[in-house]
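Work through the exercises below with the sequence and the model side by side. Try each task before reading its solution.

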Amino acid sequence: MTKSVSGSKKPRKQYTPEFRNEALKLAERIGVAAAARELSLYESQLYAWRSKLKNAHSSSKREQKMAVEIDCLKRQLEEQAEEQGADVFMDWFIVLSQVVADIFPDWLRPATV
């Protein structure tokens with residue numbers, strides 16, 4: 001459930017992802033205030049966990065949409081490459097890869113919750 005993290009001051013608790021998920025389910029059922037009292041947590045902690053979880057989900061949805069759009073652009077580039085030659089395709093593919101890397105530097109990194 002928890003483990004203490006060493007530090008210079010008072011050790012703080014770290015909760016497992018399983019505990020967090022169960023706490024959020026309880027908060028959905030009985031309300032944040034009641035769940036916080038029952039689990040000896042601060043309400044703000046439950047709100048923060050809920051917010052973080054929602055952001056992770058919306059981020060992954062956004063990344064999925066971007067992946068679809070990138071695949072579409074790749075197909076368009078492939079069609080153009082057939083018409084214009086492979087060298088042009090490689091140049092555009094490199095440019096597209098650089099643009100994607102600049103816009104979404106963490107896109108290939110696995111998401112953490």
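The model is predicted, so local features need pLDDT of at least 70 and side-chain atom pairs count only at pLDDT 80 or more, while totals for chains, interfaces and linings use all residues. Residues are numbered from 1 along each chain as its sequence is written, and side-chain values use heavy atoms, with hydrogens and water left out.

**Exercise 1. The fold**

Find how many helices and strands the protein chain has, and in which pattern they follow.

Step 1. Helices (H or I, at least four residues) and strands (E, at least two) are DSSP runs, numbered from the N terminus.
Step 2. The protein chain holds four helices and two strands.
Step 3. Along the sequence, the pattern reads β-β-α-α-α-α.
Step 4. For contacts, the rule is heavy atoms within 4.5 Å. Of the contacts in the protein chain with a separation of 6 or more, 26% are between residues 24 or more positions apart.

**Exercise 2. Apart in sequence, and in space**

Step 1. Leucine 26 is part of helix H1.
Step 2. Leucine 26 and leucine 39 are 13 residues apart in sequence, and their C-alpha atoms are 9.5 Å apart.
Step 3. Alanine 33 and leucine 46 are also 13 residues apart in sequence, with 9.1 Å from C-alpha to C-alpha.
Step 4. Valine 100 and isoleucine 70 are 30 residues apart along the chain, and 8.6 Å separates their C-alpha atoms.

**Exercise 3. The largest nonpolar core**

List the residues of the largest nonpolar core and say which helix gives the most to it.

Step 1. A nonpolar core is a set of buried Ala, Val, Leu, Ile, Met, Phe, Trp, Tyr and Cys residues joined through side-chain atoms within 4.5 Å.
Step 2. The largest one has twelve residues: Tyr15, Phe19, Ala23, Leu24, Leu26, Ala27, Val32, Ala35, Ala36, Leu41, Leu46 and Trp49.
Step 3. At least two residues of this core come from each of helix H1 (17-30), helix H2 (32-39) and helix H3 (43-84).
Step 4. H1 gives the most, with five residues.

**Exercise 4. The salt bridge**

Find which residue forms a salt bridge with lysine 25.

Step 1. A salt bridge is a side-chain nitrogen of Lys or Arg within 4 Å of a carboxyl oxygen of Asp or Glu.
Step 2. This rule gives a count of one salt bridge.
Step 3. The partner of lysine 25 is glutamate 22, and their closest N and O atoms are 3.6 Å apart.
Step 4. Both residues lie in helix H1, three residues apart, about one turn of the helix.
Step 5. Lysine 25 is partly exposed because its relative accessibility is 47%; for glutamate 22, 48% relative accessibility also means partly exposed.

**Exercise 5. The largest pocket**

Give the volume of the largest pocket and describe its lining by class.

Step 1. On a 1 Å grid over the protein atoms alone, a pocket is an open set of points where a 1.4 Å probe fits, with protein on both sides within 12 Å along at least five of seven lines; lining residues have an atom within 4 Å of a point.
Step 2. The volume, which is the space filled by probe spheres set on the points, is about 360 Å³ for the largest pocket.
Step 3. Its lining has 13 residues, and Arg12, Lys13, Gln14, Tyr15 and Gln45 lie nearest its centre.
Step 4. Strand E2 (12-15) supplies the largest share of this lining, four residues.
Step 5. Ala, Val, Leu, Ile, Met, Phe, Trp, Tyr, Cys and Pro count as nonpolar, Asp, Glu, Lys and Arg as charged, and the others, Gly among them, as polar. By these classes, the lining has five nonpolar, four polar and four charged residues.

Notes: Buried means under 20% relative accessible area, exposed over 50%, partly exposed in between (1.4 Å probe, protein chains only).
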